[in-house]
Amino acid sequence: MKRHVFMIIGPKVMRCGLVLIVIGLGFTILTGCEQPLKENETLHMTMFIWPFLDVERWKGINPEDGTSWKKERGDAICWLSTWEKEQRFDKDGFPIYRKERSTFLPLWSTQIEESEAFINKKGSVLVFPYDSRQRK
């Protein structure tokens with residue numbers, strides 16, 4: 001029975017259909033899927049290539065002071081890496097706060113927190129930790 005269906009549809013049509021399905025799924029995965037918005041969010045996007053890569057992005061506006069923010073969180077199991085990023089901007093779009101955390105197991109980890117006055121960096125390379133705090 002399988003042979004008859006395959007011969008009726010034809011091998012070229014089957015291959016073209018499979019290629020189109022794979023391209024469509026790849027495009028959907030790489031561009032992401034929009035999620036339902038929560039309070040103060042303007043964008044909530046999820047991108048994943050399970051089990052290799054998972055990225056989630058948020059954007060929003062704080063109504064009380066008019067500042068906007070962007071957040072990103074992701075992990076990549078194929079190169080054992082995780083990251084989190086957060087940025088805040090004033091009403092004119094200038095950055096006022098930045099926080100980043102990234103880890104590449106088992107080699108290094110980094111955490112950067114930057115405000116208008118200070119840059120604070122923490123992390124470790126293998127088993128050797130470091131800490132740096134600088135004024136701008």
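**Salt bridges and strand contacts in the predicted model**

The model is predicted: local features need pLDDT of at least 70, side-chain atom pairs count only at pLDDT 80 or more, and totals for chains, interfaces and linings use all residues. Residues are numbered from 1 along each chain as its sequence is written, and side-chain values use heavy atoms, without hydrogens and water.

The structure holds six salt bridges (a side-chain nitrogen of Lys or Arg within 4 Å of a carboxyl oxygen of Asp or Glu). In one of them, Glu84 pairs with Arg101 at 3.2 Å, N to O. This pair links distant parts of the chain: Arg101 lies in strand 6 (residues 95-104) and Glu84 in strand 5 (residues 81-89), 17 residues apart. Strands are DSSP runs (E, at least two residues), numbered from the N terminus. Arg101 is partly exposed, at 27%.

Glu56 forms a salt bridge with Arg73, with the closest N and O atoms 3.1 Å apart. Glu56 is in strand 3 and Arg73 in strand 4 (residues 68-76). Arg73 has a relative accessible area of 42%. The Glu56 side chain also makes a polar contact with the side chain of His44 at 2.8 Å. A polar contact is a pair of N or O atoms within 3.5 Å; within protein, one must be able to donate a hydrogen and the other to accept it, and residues adjacent in sequence count only if both atoms are side-chain atoms.

Glu100 and Arg98 form a salt bridge at 2.9 Å between the closest N and O atoms. Shared partners join Arg98, Glu100 and Glu114 into one network.

Notes
Helices (H or I, at least four residues) and strands (E, at least two) are DSSP runs, numbered from the N terminus. Buried means under 20% relative accessible area, exposed over 50%, partly exposed in between (1.4 Å probe, protein chains only).
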